[in-house]
Amino acid sequence: RNFPKVRPVFHCFIGDGAQAERIFSELDGLISFTGILTFNKSEHIQAVATWCPADRFMVETDSPFLSPAPHRGKVNIPGRTKFVVDKIAELRGVSPEWILQAVSEERATIVWLLVPWAQDILSSLDSGRLKLSDYQLSQWRLMHIGAQPVPPSLIRRWMEKFPHHQYDTNYGLSESIGPGCVHLGVENVHK
């Protein structure tokens, strides 16, 4: 309240819905989810993740602590935020339509996708359930898939549907560059 232009971030959020609502409405703040979200007894945090506005939360490692399931109890690393993101996507029921709508509305140029999301988008395009002409995607230049092996067939299919995209992945680079890195403009189609 003493710093009205500062938006607080509530690191390692473990509160409930009422607390999250107060953070948003009274402080114009954000919350940040960690590996705790993936634990079996975190239903109250998972409940918040299902309805929390997308522009009001972040994902963090809290490294070296709070490694998500299935790595609970081990030293945490940035690349494991993928498990937190996966859990949020599972809880929210992320759909191909939602992803393309968000890219379109936000005029995103760099989009990070999980392999299953990319597969769902391609399947929806192939079946006719999605039409690229329904979205404003001309600004989208880089498709980044992180922290998972990417099937070469997926890359080929993606490049057929989105020939103007550059493709990037950080999979396999963590030993030399660091986990969780985004390598903009790197041509990694052979990784």
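A residue is called buried when its relative accessible area is under 20%, exposed when over 50%, and partly exposed in between (1.4 Å probe, protein chains only). The model shown is predicted, local features need pLDDT of at least 70, side-chain atom pairs count only at pLDDT 80 or more, and totals for chains, interfaces and linings use all residues. Residues are numbered from 1 along each chain as its sequence is written, and side-chain values use heavy atoms, with hydrogens and water left out.

**View 1**
Helices (H or I, at least four residues) and strands (E, at least two) are DSSP runs, numbered from the N terminus. Along the sequence they follow the pattern β-α-β-α-β-α-α-β-α-β-α-β. Of the 191 residues in the chain, 42% are buried. A contact here means heavy atoms within 4.5 Å. Among the contacts in the chain with a separation of 6 or more, 62% are between residues 24 or more positions apart. The chain exposes about 10600 Å², and carbon and sulfur atoms supply 55% of that area. Accessible areas come from the Shrake-Rupley method with a 1.4 Å probe; for residues, only the protein chains shown count as cover.

A salt bridge is a side-chain nitrogen of Lys or Arg within 4 Å of a carboxyl oxygen of Asp or Glu. By this rule the count comes to 7 salt bridges. Glu-90 counts as exposed because its relative accessible area is 57%. Lys-87 has 19% relative accessibility and so counts as buried.

**View 1. A salt bridge joins Glu-97 to Arg-129.**
The closest N and O atoms of this pair are 2.8 Å apart. The pair links distant parts of the chain, with Glu-97 in helix α4 (residues 96-106) and Arg-129 in the loop between α5 (115-127) and β5 (142-145), 32 residues apart. Glu-97 is partly exposed, at a relative accessible area of 26%. Arg-129, at 52% relative accessibility, counts as exposed.

**View 2. Arg-7, Asp-28 and Arg-56 are linked in a network of salt bridges.**
In the bridge between Asp-28 and Arg-7, the closest N and O atoms are 3.4 Å apart. This pair also links distant parts of the chain: Asp-28 is in the loop between α1 (17-27) and β2 (30-33), Arg-7 is in the segment before β1 (9-10), and 21 residues separate them. Asp-28 is partly exposed at 37% relative accessibility, and Arg-7 is partly exposed at 40%.

**View 3. Glu-60 is buried yet has no salt bridge.**
Glu-60 is found in the loop between β3 (57-59) and α3. The nearest side chain of opposite charge, Arg-80, is 15 Å away. The side chain of Glu-60 does make polar contacts with the side chains of His-11, at 2.7 Å, and Ser-32, at 2.8 Å. A polar contact is a pair of N or O atoms within 3.5 Å; within protein, one must be able to donate a hydrogen and the other to accept it, and residues adjacent in sequence count only if both atoms are side-chain atoms. Leaving out residues up to four places away in sequence, Glu-60 touches His-11, Cys-12, Ser-32, Phe-33, Thr-34 and Thr-81.

**View 4. Met-58 lies in strand β3.**
Its relative accessibility of 36% makes Met-58 partly exposed. Apart from neighbours within four places in sequence, Met-58 is in contact with Val-9, Ile-31, Ser-32 and Phe-33. Met-58 and Val-85 are 27 residues apart in sequence, and their C-alpha atoms are 9.5 Å apart in space.

**View 5. The largest nonpolar core has 25 residues.**
A nonpolar core is a set of buried Ala, Val, Leu, Ile, Met, Phe, Trp, Tyr and Cys residues joined through side-chain atoms within 4.5 Å. Leu-113, Trp-117, Trp-140 and Trp-158 touch the most other members of this core. The elements giving two or more residues to this core are α3, α4, β4 (110-113), α5 and α6 (152-161). Helix α5 gives the most, with 6 residues. A second, separate core has 17 residues, including Ile-36, Phe-39, Val-48 and Phe-57.

How values were computed:
Lys and Arg count as positive and Asp and Glu as negative; His and the chain ends are not counted.
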